[in-house]
Amino acid sequence: MACSLSASCAVSRAPTRSLISSDSHSTHSVKPTSLSWGSSFPSINIFANGLVTHLPKPRLNKDAFIQAAWTRRSRSEAAKRPSRKSWKQRTDMYMRPFLLNVFFSKRFIHAKVMHRGTSKVISVATTNAKDLRTNLPSLTDHNACRLIGKLIAERSIEADVYALSYEARKDERIEGKLGIVIDTIKENGIIFV
C-alpha cells in the first residue's frame with residue numbers, strides 16, 4: 001500500500017480497537033525541542049484506514065501574548081508610580097493662576113507675582129532696587145512693606161492682572177509684615193481669591 005500524501009508518510013499498522021494514540025503512551029521518551037507553552041501539548045496521531053494523520057499543534061499568536069505581558073504592571077512598578085493627584089491639585093493652577101510670593105530677609109523685602117502654568121513673572125518689587133534703596137530710611141519696616149504692596153498692585157494692574165492668590169506655607173500666619181503687604185495690595189484694587 002503506497003502513501004498518497006507524501007514520500008515521508010509512514011504507514012503504520014495499528015490495532016483496530018484503538019483509533020487514537022498519543023506520544024505519552026509510547027515506551028521511549030522524546031525530549032521537546034522547545035520549552036514554550038505550545039510545545040507542552042502532546043502530538044496526537046489518528047489512525048484511519050491504515051494511514052497516520054497528524055493533527056496540527058495549537059498555534060499561538062505570540063505578538064498578542066507579548067503585548068498582553070507588557071501591558072500588565074508589576075507590583076514594584078505600581079509602587080513606584082505616585083498616587084493620582086486630587087481634583088483640587090489638578091485644577092487649582094487654572095482656577096487661581098496668579099500666585100503672590102513674598103520673601104522677607106534680614107535686609108530686604110522681595111515680592112513677585114507669577115503665573116502658575118507658565119512660571120512667567122508678571123510683576124516684581126523689592127526694597128533692594130536702586131531707587132528704593134537710596135530713598136527709604138529702613139528697607140524692612142512697615143513703611144517699606146506698604147510701599148512694596150503698592151508697587152506690586154500697580155505693576156499687576158499694568159499687566160492686566162486683577163486677581164491674585166497667596167498660599168501660606170505650613171505654620172505661617174498672615175499677620176505682621178506679611179499682613180501689611182497683602183492688605184496694601186487689596187487696598188490698591190487687587191482681589192485675593
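**Close-up views of a predicted model**

**View 1. A hairpin links E4 and E5.** Four residues make up the hairpin that joins E4 to E5. Helices (H or I, at least four residues) and strands (E, at least two) are DSSP runs, numbered from the N terminus. The model is predicted: local features need pLDDT of at least 70, side-chain atom pairs count only at pLDDT 80 or more, and totals for chains, interfaces and linings use all residues. Residues are numbered from 1 along each chain as its sequence is written, and side-chain values use heavy atoms, with hydrogens and water left out. E4 pairs with strand E5 (residues 109-115) in the antiparallel sense, over seven bridges. Two strands count as paired if DSSP finds at least two bridges between them. Which residue of E5 stands opposite Phe-98? His-115 does. Leu-100 has Val-113 in E5 as its bridge partner.

**View 2. E5 also pairs with E6.** Five bridges hold this antiparallel pairing of E5 and E6. Met-114 stands opposite Val-121 in E6. The hairpin of E5 and E6 has five residues between the strands. In that hairpin, Ser-119 takes a positive phi near 60°.

**View 3. Three strands form an open sheet.** The strand order is E4-E5-E6, and the pairing is antiparallel. Strand E4 (98-104) and strand E6 (121-126) are the edge strands, and each pairs on one side only. On average, neighbouring strands of this sheet are turned by 10° against each other, direction ignored. Axes here are lines fitted to C-alpha atoms, for helices over the stretch in contact, and angles run from 0 to 180 degrees between N-to-C directions. Helix H5 (residues 142-158) packs on the sheet and touches E4, E5 and E6. The direction of H5 makes about 155° with that of E6. Contact means heavy atoms within 4.5 Å.

**View 4. H5 crosses H6.** The axes of H5 and helix H6 (residues 176-187) come within 8 Å. They cross at roughly 35°. H5 passes H6 in a right-handed crossing. A crossing is right-handed if the near helix is turned clockwise from the far one by less than a right angle, and left-handed if anticlockwise. Residues of H5 in this contact include Cys-145, Ile-152 and Ala-153. Those of H6 include Ile-180, Val-181 and Ile-185. The contact residues divide into six nonpolar, three polar and three charged. Ala, Val, Leu, Ile, Met, Phe, Trp, Tyr, Cys and Pro count as nonpolar, Asp, Glu, Lys and Arg as charged, and the others, Gly among them, as polar.

**View 5. Thr-140 sits in a loop.** The loop runs between helix H4 (130-135) and H5. Is Thr-140 buried or exposed? It is buried, because its relative accessible area is 17%. Buried means under 20% relative accessible area, exposed over 50%, and partly exposed in between (1.4 Å probe, protein chains only). Beyond its neighbours within four places in sequence, Thr-140 is in contact with Ser-105, Lys-106, Arg-107, Phe-108, Ile-109 and Lys-177.

**View 6. Tyr-162 lies in the loop between H5 and strand E7 (163-164).** Tyr-162 counts as partly exposed, at 44% relative accessibility. Tyr-162 and Ile-190 are 28 residues apart in sequence, yet 5.1 Å apart in space, C-alpha to C-alpha. Leaving aside neighbours within four places in sequence, the contacts of Tyr-162 are Ile-157, Gly-189, Ile-190 and Ile-191.

**View 7. Confidence falls under 50 over residues 1-19.** The score is pLDDT, the predictor's confidence in each residue, from 0 to 100. The protein has a mean pLDDT of 77, and 58% of its residues reach 70 or more. Where pLDDT is low, the predicted coordinates should not be read in detail.
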